[in-house]
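Me: I would like a close look at one part of this model, followed by an account of how other parts are put together. Please keep it plain.

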Amino acid sequence: MTAPPIRRLFSRSITRTLLTPHPAEHYIRSLGLEWSDDPTGATVLTVDRPVPDVTVLRLRMPAGVKRPEPGAALEVGVVVNGVVHRRHYSPVDAATRADGLATIAVRRHPGGIVSEFLWDEAAPGMRLLLGDPAGEMSLPQTRPADILLVSGGSGITPMLSIASTLASEGHCADRDTGTLGPDLAITPSTQGRVAWLHYARRVEDVPFRDRLRELSRAGIDVQVIPTAEGTSTWGLDGHLTAAHLEAVAPWHPGATVFLCGPEGLATGLEDALGTDRFAEVLRERFTATVAEVPDTDGGAVTHVRSGVTAQNNGATLLEGAEAAGLNPQHGCRMGICHTCTAVRLSGATRDLRTGEVDSEPGCRVQICVSAPVGDVEIDL
Ligand code: FES
């Protein structure tokens, strides 16, 4: 077998699933091939920790790997104690970047297996596994003319990709091409207005502040609005209000609005825009929206392949399996990436996003957003 068919084989998600818990790297090396030939991995070139709890990794992507659309996420996997863990991170670069590099920022969460691992261990030369792009929100191929970005905390990363892409396309007329970095080379396209409100406790907590200044010079009205202390450059502070929108983007009623941030920010935006207008917002969530679950839900879940049965009192099938000592394949844990999909052999499960119950035997369910309603057999 020659190298190219092997690369194709190892890049397929079904193959990665079958190989778990070992990464494709393990098998590729055992075949005597160089890992750098493999398209399922990226190499860490630089590691920066610019603000507390944020690890910024610059990656060299394998040739031919599809870069996510602006605002969408990249699946990244690491091996911790011999087990592959996958998460999704939005590259912060312009999607037009053509030098094969990508930058991701990982906020460290207490107890977060991947974020803690990267905070402690990430170093140049480290290999990361790559999967398929995923995400609810991305910049449409036909760019809207007027765009309002609203983000909070880690929501800065997809917005950086969207804003950098728009800047690289010369979307805003009021730009200074002399200030743009090599990955922001101008390719003229649709022009319009772009404003961005980003919320953080303190301005000093925000990574990529230099990049935000570059984007401002490229004609994007960026305001970093502190919620705990200080003010933005335009004197704004506190949580999102209609007055903030009016101050930064008085034209927002006709704009396409993108949102990525915590639920409190979403509630503030909904209050400011009204329910109907908020329904049009393009949104990437931090966590799945969960429907109300009756107290009567739950049951004995039999993981047929593993031979493990465990009582589950309404937790997700993924959480239940982990509590029972299993380690099912998963990524986002919020119903986006489909990495966790498994076949429900019998019984009923509730989709926690919609509240709907389904009991058709042999159906594939996303175990990170499904909970048992009575006894269930699952092919895990
Ligand atoms: S882990 Fe991503 S959909 Fe379940």
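How many residues lie between β1 and β2 in their hairpin, and which residue in the turn has a positive phi?

Reply: This is a predicted model. Five residues lie between β1 and β2 in the hairpin, and aspartate 53 in the turn has a positive phi of about 70°. The two strands, β1 (residues 41-48) and β2 (residues 54-60), are antiparallel and share five bridges. One of the pairs sets aspartate 48 against valine 56 in β2. β1 also pairs with β6 (residues 127-130), again in the antiparallel sense, over three bridges. There, threonine 43 stands opposite arginine 127 of β6.

Elsewhere in the chain is an open sheet of five strands with parallel pairing, in the order β9-β8-β7-β10-β11. β9 and β11 (282-285) each have a single partner strand and stand at the edges, so one side of each is left without a neighbour in the sheet. On average, and with direction ignored, neighbouring strands of this sheet are turned by 10° against each other. Within the sheet, β7 (residues 147-152) runs parallel to β8 and is joined to β8 by six bridges. Serine 151 has histidine 198 in β8 as its bridge partner.

Two helices that pack on the sheet can be described next. α6 touches β8 and β9, and the direction of α6 makes about 140° with that of β9. Helix α8 (residues 263-273) touches β7, β8, β10 (256-261) and β11, and its direction makes about 150° with that of β10.

α6 spans residues 209-217, and its Arg211, Leu212, Glu214 and Leu215 are buried. Seen down the helix axis, the buried residues of α6 fall within an arc of 160°, so they line one face of the helix. Their cover includes α5 (156-168), β8 (194-200) and β9 (221-226). Just after α6, glycine 219 takes a positive phi of about 100°.

The packing of α5 against α6 can be given residue by residue. The axes of these helices come within 10 Å and cross at roughly 35°, and the crossing is left-handed. From α5, Ile156, Leu160, Ala163, Ser164 and Ala167 meet Arg211, Leu212 and Leu215 of α6. The residues of this contact divide into six nonpolar, one polar and one charged. Arg211, Leu212 and Leu215, which take part in this contact, are also among the buried residues of α6.

Notes. Residues numbered from 1 in each chain as written. Predicted model: local features only at pLDDT ≥ 70, side-chain atom pairs only at ≥ 80, totals over all residues. Heavy atoms only, no water. Buried < 20%, exposed > 50% of the residue type's maximum accessible area, 1.4 Å probe, protein only. Helix = DSSP H or I, 4+ residues; strand = E, 2+ residues; numbered from the N terminus. Arc of directions from axis to C-beta. Contact = heavy atoms within 4.5 Å. Pairing = 2+ DSSP bridges. Axes fitted to C-alpha atoms, helices over the stretch in contact; angles between N-to-C directions. Left-handed = near helix turned anticlockwise from the far one by under 90°. Nonpolar A, V, L, I, M, F, W, Y, C, P; charged D, E, K, R; others polar.
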